Amino acid sequence: VLDPRSRPTPVVPQTEPLPLVHSGSIVDNFRAALDGIDIEECEAHGENAFFVCDLAEVYRQHMRWMRELGARVQPFFAVKSNPDPYVLQLMASLGLGFDCASQPEISAVLALPHKPDPSRIIYANPCKAASFVRNAAKNGVDYMTFDNGDELAKIKKYHPSAKMVLRILTDDSSSLCRLGLKFGAPLSEVRGLLKKAAELDINVVGVSFHCGSGCKDPALFGDAIRRARWAFDVGAEEGFKFDLLDIGGGFEDENFELISAVLREAIAEHFPLEGGVRIIAEPGRYYVSRAFQLATNIIARRAAREGINDETSMMEGLDMDDDDEHKPTAMYYINDGVYGAFNCTLFDHQVVHPVVMTLSDVFQDSQQEFGNLEECSVWGPTCDSIDVVQQAAKLPVDVLSVGDWLRWENMGAYTICAASQFNGFRKSLVRYTIDAEPEVEARIRALLA
Ligand code: PLP
């Protein structure tokens with residue numbers, strides 16, 4: 001049995017054998033792992049927070065993708081969202097391509113067992129370091145994006161045979177993370193950039209866009225396809241023969257079917273099959289978010305502090321504007337926080353909710369209403385006050401105490417990969433499972449072999 005404390009979370013494939021993959025549900029795996037942790041006796045780090053990843057969830061998301069979009073759109077997994085070695089290995093075996101943002105991500109993909117062909121990688125960062133471009137050229141990674149003239153000059157110098165994809169700006173106003181603030185050529189610049197590419201004799205093969213990470217409005221995908229069609233037509237006028245459309249990431253679990261319906265219709269209208277354009281996408285969070293859950297231990301607890309104004313109210317002449325109503329009743333301190341896996345609450349604007357997993361150390365795992373739920377704040381383990389995971393979580397204060405465990409769902413995207421070790425706290429490790437019917441489990445194990 002994997003001891004989740006024994007190994008750092010690998011962010012790139014490793015040469016040593018990967019850890020055991022268990023069976024059963026995520027919750028069963030939490031229970032099994034917690035059975036092996038004795039808070040009274042364990043060594044330092046023994047009660048650390050840890051993830052359980054259900055690889056079958058990644059597999060199911062892929063089947064769902066193939067059902068909805070597979071006929072026309074080939075997924076290139078956005079490695080940045082979670083470069084877990086098992087996840088990458090499973091995806092490589094399932095035939096996905098990879099969207100890489102940097103040379104280390106490219107190396108991670110090319111180091112996978114049964115090394116994927118470099119043509120299955122798109123280096124989808126419009127602003128790249130010169131050394132990374134040279135490295136991509138050396139490794140045969142030809143597909144890469146650009147959105148500015150300086151990048152074209154760099155490509156001419158370091159990778160003249162690259163197959164460039166022009167990233168255009170589209171409406172990303174309904175997304176969690178607005179990538180258009182940083183990347184994407186406005187349509188007014190498209191013709192000029194293509195003229196410059198022609199002058200430099202650079203091979204531009206297509207167009208890409210990104211509707212923003214965590215896109216809430218499916219209609220924006222339809223609008224983006226229309227803009228891409230316009231850019232294709234400009235490309236033809238400037239003498240290029242584009243044959244690749246990259247529709248980016250932004251897909252969310254909850255609205256995936258709605259986005260897919262919009263895409264199928266827009267693609268059929270603007271990029272019909274007969275046109276011969278190959279279409280790829282760069283989904284990240286869609287594939288991994290639900291597959292990972294995190295268990296955290298309550299390492300400390302205190303009664304909520306009186307409001308600042310309560311103290312000042314005792315001093316003459318100071319404002320006494322009390323706000324008793326929204327004061328949390330207790331402050332819980334857990335052993336992962338915003339400098340670790342919960343960086344997703346800051347960088348990715350995620351909102352997370354705890355599920356009580358043990359009460360007085362007895363396994364409960366329940367989302368049921370425990371009689372007396374109170375609004376509490378939940379804090380990470382560091383000494384920084386920005387390290388607050390949830391300002392107002394509803395928890396059963398009367399019965400939940402130090403030593404108990406909380407579970408956090410949907411923790412697979414933009415969590416582990418951006419965690420730091422600030423204050424000396426280690427990154428949370430991963431225990432793997434496959435929760436599926438026996439035939440599906442056997443198939444996933446074969447894909448991982
Ligand atoms: N592609 C690019 C270029 C990105 O920058 C990102 C996210 O930042 C993605 C794909 C993945 O987006 P998502 O996880 O929302 O699917």
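Is lysine 80 buried or exposed? Lysine 80 is buried, because 21 other C-beta atoms lie within 10 Å. The cut-offs: buried takes 20 or more other C-beta atoms within 10 Å of a residue's own, exposed takes 12 or fewer, and partly exposed is in between, with C-beta atoms placed from the backbone.

Some housekeeping. This is a predicted model, where local features need pLDDT of at least 70 and side-chain atom pairs count only at pLDDT 80 or more, while totals for chains, interfaces and linings use all residues. Residues are numbered from 1 along each chain, as its sequence is written.

An unreviewed UniProt entry lists Lys80 under "modified residue: N6-(pyridoxal phosphate)lysine". UniProt positions are in the numbering used here, feature names are shortened, and annotations may be inferred rather than shown by experiment. Where in the chain is lysine 80? Lysine 80 lies in the loop between β3 (73-78) and α3 (85-94). Helices here are DSSP runs of H or I with at least four residues, strands are runs of E with at least two, and both are numbered from the N terminus. Leaving out residues up to four places away in sequence, lysine 80 touches Ala101, Glu105, Gly284 and Cys417. Contact means that C-beta atoms, placed from the backbone, lie within 7 Å.

Next, α3. Its buried residues are Pro85, Val87, Leu88, Leu90, Met91 and Ala92. Their cover includes α2 (55-68), β3, α4 (103-110), α10 (285-288) and α13. After α3 comes glycine 95, with a positive phi near 95°.

Take the packing of α3 on α13, residues 438-448. The angle is about 100°, and the axes are 8 Å apart. So α3 is roughly perpendicular to α13. Axes are lines fitted to C-alpha atoms, for helices over the stretch in contact, and angles run from 0 to 180 degrees between N-to-C directions. Under 35 degrees counts as roughly parallel, over 145 as roughly antiparallel, 65 to 115 as roughly perpendicular, and the rest as oblique.

Which residues of α3 and α13 meet? From α3, Tyr86, Gln89, Leu90, Ser93 and Leu94; from α13, Ile444, Leu447 and Leu448. By class, that contact has six nonpolar residues, two polar and no charged. Nonpolar covers Ala, Val, Leu, Ile, Met, Phe, Trp, Tyr, Cys and Pro; charged covers Asp, Glu, Lys and Arg; the others, Gly among them, are polar.

Now the domains. Domain 1 is 21-54 + 292-434, and domain 2 is 55-288. Those bounds come from an automatic or database domain assignment. The C-alpha centres of domain 1 and domain 2 lie 36 Å apart.

The chain over residues 55-289 is 43% helix and 17% strand. The end C-alpha atoms of that stretch are 11 Å apart.

Aspartate 201 is not a glycine, yet has a positive phi of about 60°. It sits in the loop between α7 (187-199) and β9 (203-208). Aspartate 201 counts as exposed, because it has 8 C-beta neighbours inside 10 Å. Asparagine 423 also is not a glycine, and has a positive phi of about 70°. Its loop runs between β19 (405-408) and β20. Asparagine 423 is partly exposed, with 14 other C-beta atoms within 10 Å.

Last, two buried spots. Alanine 49 is in the loop between α1 (26-35) and β2. It has 27 C-beta neighbours inside 10 Å, so it counts as buried. Beyond four places in sequence, alanine 49 touches Leu294, Ala295, Thr296, Asn297, Asn335, Asp336 and Ser428.

Tryptophan 379 is in strand β17, residues 374-379. Tryptophan 379 is buried, because 23 other C-beta atoms lie within 10 Å. Its contacts, again beyond four places in sequence, are Met331, Tyr332, Tyr333, Gly337, Asp387, Val388 and Val389.
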